[in-house]
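Please open the structure in your viewer and keep the sequence beside it.

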Amino acid sequence: MQINIFNNESELNRDLWRIIKEISEKAISEHGMFNFVLSGGNTPKSLYKLLASKPYSDEIEWSNTFFFFGDERFVPENDPRRNSLMAQETLLTPLRIPEQNIFLIDTSGSPEEAAKQYETNIREHFGSHPIEFDLVLLGLGDDAHTASLFPGTYALKDTDAGIKSVYVSQQGVNRITMNAPLINQAKNIAFLVTGEKKADAVFHVVQEKEEQEDPSAFYPARLIRRDDSVNWFLDTAAASRLK
Ligand code: 6PG
């Protein structure tokens, strides 16, 4: 994994924009589209706003970009907790991305139906090709969860790539999430983590040689592969415990 540490969020976002631009150009030249998985929460908001603002937005071919969500809260479509709503407000609407290029998670049925339908839609998009997203953007919780892979949840044990519905008791809410095997099939993965609150989690995921038999049960983001195609984008506060 490549660790990139920045003095502030705007320097970090500009460098991450450059990486996203390079990945999108390679993807579009190789297979005609850029399959981009967005992360949720608050951290990526400033990145999404930068991606949607000139001159940055002009440098990426959005017409061949397809957007997915690493996870979604199981709440109604217009609920302010929705990751898709945040992405629409900061990125997708300003860029006028057509609906058919956005893979939303339908939460009108049961959590299980939402997961199944999302997986079917993704499968159909990739056709006979393996489901290999060009870039998966991930956040990190202060408990070292990523996407909606939370400590102690059964999806951490998955070995087959897929979309899961999980009940997150810590928050008393259902969530729909890509599991680690599916995320790990991606060509590129980028963690975007800022703030002092995340320093411990970053340390336990990135650096610590944990003594537990299965450290990912405690720090789920350790399930994500750790090779050089995985980039961590950190500010100095989030990286403050790294040696
Ligand atoms: C979500 C995200 C989640 C997020 C982390 C960090 O649905 O909330 O997918 O994994 O990335 O919780 O969230 P913040 O950026 O808000 O700290």
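How far from an oxygen atom of the ligand does a polar side-chain atom of T43 lie? Select T43 and the ligand: the distance is 2.5 Å, and a polar contact here is a pair of N or O atoms within 3.5 Å.

This is a predicted model, in which local features need pLDDT of at least 70 and side-chain atom pairs count only at pLDDT 80 or more, while totals for chains, interfaces and linings use all residues. Residues are numbered from 1 along each chain as its sequence is written, and side-chain values use heavy atoms, with hydrogens and water left out.

Next, select R73, where an N or O atom of the side chain is 2.7 Å from an oxygen atom of the ligand. At R175, a polar side-chain atom lies 3.1 Å from a ligand oxygen atom. Of the 410 Å² of accessible area that the ligand has on its own, the protein covers 89% (Shrake-Rupley method, 1.4 Å probe).

Now display the whole shell of 15 residues around the ligand (a heavy atom within 4 Å). The closest are T43, D71, R73, A147 and K198. By class, the shell has two nonpolar, nine polar and four charged residues; Asp, Glu, Lys and Arg count as charged, Ala, Val, Leu, Ile, Met, Phe, Trp, Tyr, Cys and Pro as nonpolar, and the others, Gly among them, as polar.

The structure holds 11 aromatic pairs (ring centres of Phe, Tyr or Trp, its six-membered ring, within 6.5 Å; planes under 30 degrees apart are stacked, over 60 edge-to-face, the rest tilted). Select F68 and F126: their ring centres are 6.4 Å apart and their planes at 35°, so the pair is tilted. F68 belongs to strand 3 (residues 65–69) and F126 to helix 4 (residues 111–126), 58 residues apart (DSSP runs numbered from the N terminus: helices H or I, at least four residues; strands E, at least two).

Finally, select K54 and P55, which are joined by a cis peptide bond with omega near 0°.

Methods: A polar contact is a pair of N or O atoms within 3.5 Å; within protein, one must be able to donate a hydrogen and the other to accept it, and residues adjacent in sequence count only if both atoms are side-chain atoms.
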